[in-house]
Amino acid sequence: MVKVGIINATGYAGAELARLLYSHPEVELTSVSGRSAAGKALADVFPHLACYDLTIGEEIDDVDFVFSGLPHAASAAACAPLVRAGVPVVDISADFRLRDPQEYAEWYGAEHPAPELISQAAYGLTELNRESVRQSKLIANPGCFPESALLALAPAVKAGIIGPDIIIDSKSGISGAGRGLDLKYHFGEADESVSAYGLSGHRHLPEIVQELAKMWPKETGTERGTWLAVGVSSKSPGAQVTSALAEMDEEQRVAVLKTAREWTRRRQERFIYGEDELRPTVTFTPHLIPMTRGILSTCYAPLNAGALPLGRVVQDALREIYGDFYAGEPFVRVVDSPPATKQTRGNNMCLVYPTVDARTERLVVVSVLDNLVKGAAGQAIQNMNAMLGFPETLGLDMPALYP
């Protein structure tokens with residue numbers, strides 16, 4: 001049995017970790033901390049966890065594996081000595097998600113407590129980064145909003161079918177804000193009301209942009225524009241482009257290259273260039289919804305010219321791209337109709353519905369997940385399973401709660 005500890009088990013994510021770990025056949029939760037409730041029985045703070053005979057400590061005891069549910073900055077400070085001692089850690093905070101310490105300071109208002117460890121951390125979206133997760137001892141668990149957006153967009157980005165001007169519209173339940181007291185989360189304020197927030201810049205935005213940029217196809221603009229203008233597949237365009245151009249007369253070749261250059265110009269206008277990568281422009285707006293759990297994200301992006309066939313077969317082609325990308329993934333399901341948050345309540349699934357708005361030539365993708373499970377505790381356990389060589393479904397293979 002692997003002995004597991006949870007730092008700050010008194011938050012929503014920490015409590016959800018304890019609930020899920022109880023059913024895991026290969027680990028045992030032996031230590032929990034939470035300074036505000038130190039000395040109390042876990043069951044007194046969370047009666048639904050009466051299955052545990054554990055006392056909350058100020059610090060965790062010696063364990064084989066650690067989850068940290070502390071807020072940003074405090075989490076890195078607590079995780080750093082454990083990582084240096086060789087203890088595997090999954091950090092649920094934002095502390096190791098951003099690769100640039102300066103960007104972290106700009107968005108989180110504090111200097112990073114352990115910048116030397118950032119390069120050791122793997123971004124823990126297992127479906128997109130499995131090998132790095134398996135090989136790392138420090139995992140940056142994704143934010144709940146970025147997870148919903150990245151799983152929705154990754155197949156389209158990898159296939160090269162969309163442009164970089166992306167809109168992400170997300171709705172989240174109130175538990176996403178944690179257990180801290182704030183007037184806007186009181187029942188009388190939040191019930192029967194929907195509100196947008198973070199319009200000047202949400203902290204999850206740089207995380208989304210960073211991970212999209214890592215996935216973005218690296219072809220040069222003219223090269224990519226040429227094969228899009230010719231209309232060949234993005235899977236192996238080189239030989240097909242050469243063959244197609246050779247069969248054209250001079251006038252046709254000039255027209256294709258003109259189209260390619262125009263595509264490159266538009267692409268350059270829409271990208272924000274980093275030092276060594278293209279960073280797509282992303283508009284991200286989160287909304288607070290009067291429900292306890294769940295995230296629904298609707299993502300919009302322009303289709304690249306010639307990236308998908310026109311007419312009735314476009315949906316079949318899109319479904320094939322998404323189906324192939326997530327084939328064999330236990331916790332992402334491509335569905336045939338727009339999903340609802342209740343379909344993932346309490347489990348580790350993300351449901352993804354891709355479609356095309358033919359009138360505007362836009363990709364539209366809807367994704368839903370439980371922000372406390374797939375968006376936090378469940379993803380953390382999935383990462384632990386990968387790190388320890390267990391099947392990723394261990395302790396997580398459960399249906400949603402309904403109704």
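**Close-up views of a predicted model**

View 1. As in every view described here, what is shown is a predicted model.

**View 2. The pairing of strand 1 with strand 2.** Strand 1 (residues 2-7) and strand 2 (residues 27-33) run parallel and are joined by five bridges. Within this pairing, G5 has S31 of strand 2 as its bridge partner.

**View 3. Helix 6 with helix 12.** The axes of helix 6 (residues 144-159) and helix 12 (residues 314-325) come within 9 Å and cross at roughly 105 degrees. Because angles of 65 to 115 degrees count as roughly perpendicular, helix 6 and helix 12 are described as roughly perpendicular to each other. On the side of helix 6 the contact is made by A152, L153, A154, P155, A156, K158 and A159, while helix 12 contributes I321, Y322 and F325. Sorted by class, this contact of helix 6 with helix 12 has nine nonpolar residues, no polar residues and one charged residue.

**View 4. Helix 6 with helix 8.** Helix 6 also meets helix 8 (residues 205-215), and here the two axes come within 10 Å and cross at roughly 20 degrees. This crossing angle makes helix 6 roughly parallel to helix 8, and the crossing of these two helices is right-handed. The contact involves P146, A149, L150, L153, A154, V157 and K158 of helix 6, together with E207, I208, E211, L212 and M215 of helix 8. The residues of this contact between helix 6 and helix 8 divide into nine nonpolar, no polar and three charged. L153, A154 and K158 of helix 6 are named both in the contact with helix 12 and in the contact with helix 8.

**View 5. Confidence along the chain.** The protein chain has a mean pLDDT of 90, and 88% of its residues reach 70 or more. Over residues 232-236, however, the pLDDT is below 50, although this stretch has nine contacts in the model beyond near neighbours in sequence.

Notes
Residues are numbered from 1 along each chain as its sequence is written. This is a predicted model: local features need pLDDT of at least 70, side-chain atom pairs count only at pLDDT 80 or more; totals for chains, interfaces and linings use all residues. Side-chain values use heavy atoms; hydrogens and water are left out. Axes are lines fitted to C-alpha atoms, for helices over the stretch in contact, and angles run from 0 to 180 degrees between N-to-C directions. Helices (H or I, at least four residues) and strands (E, at least two) are DSSP runs, numbered from the N terminus. Angles under 35 degrees count as roughly parallel, over 145 as roughly antiparallel, 65 to 115 as roughly perpendicular and the rest as oblique. Contact means heavy atoms within 4.5 Å. Ala, Val, Leu, Ile, Met, Phe, Trp, Tyr, Cys and Pro count as nonpolar, Asp, Glu, Lys and Arg as charged, and the others, Gly among them, as polar. pLDDT is the predictor's confidence in each residue, from 0 to 100. Two strands pair if DSSP finds at least two bridges between them. A crossing is left-handed if the near helix is turned anticlockwise from the far one by less than a right angle, and right-handed if clockwise.
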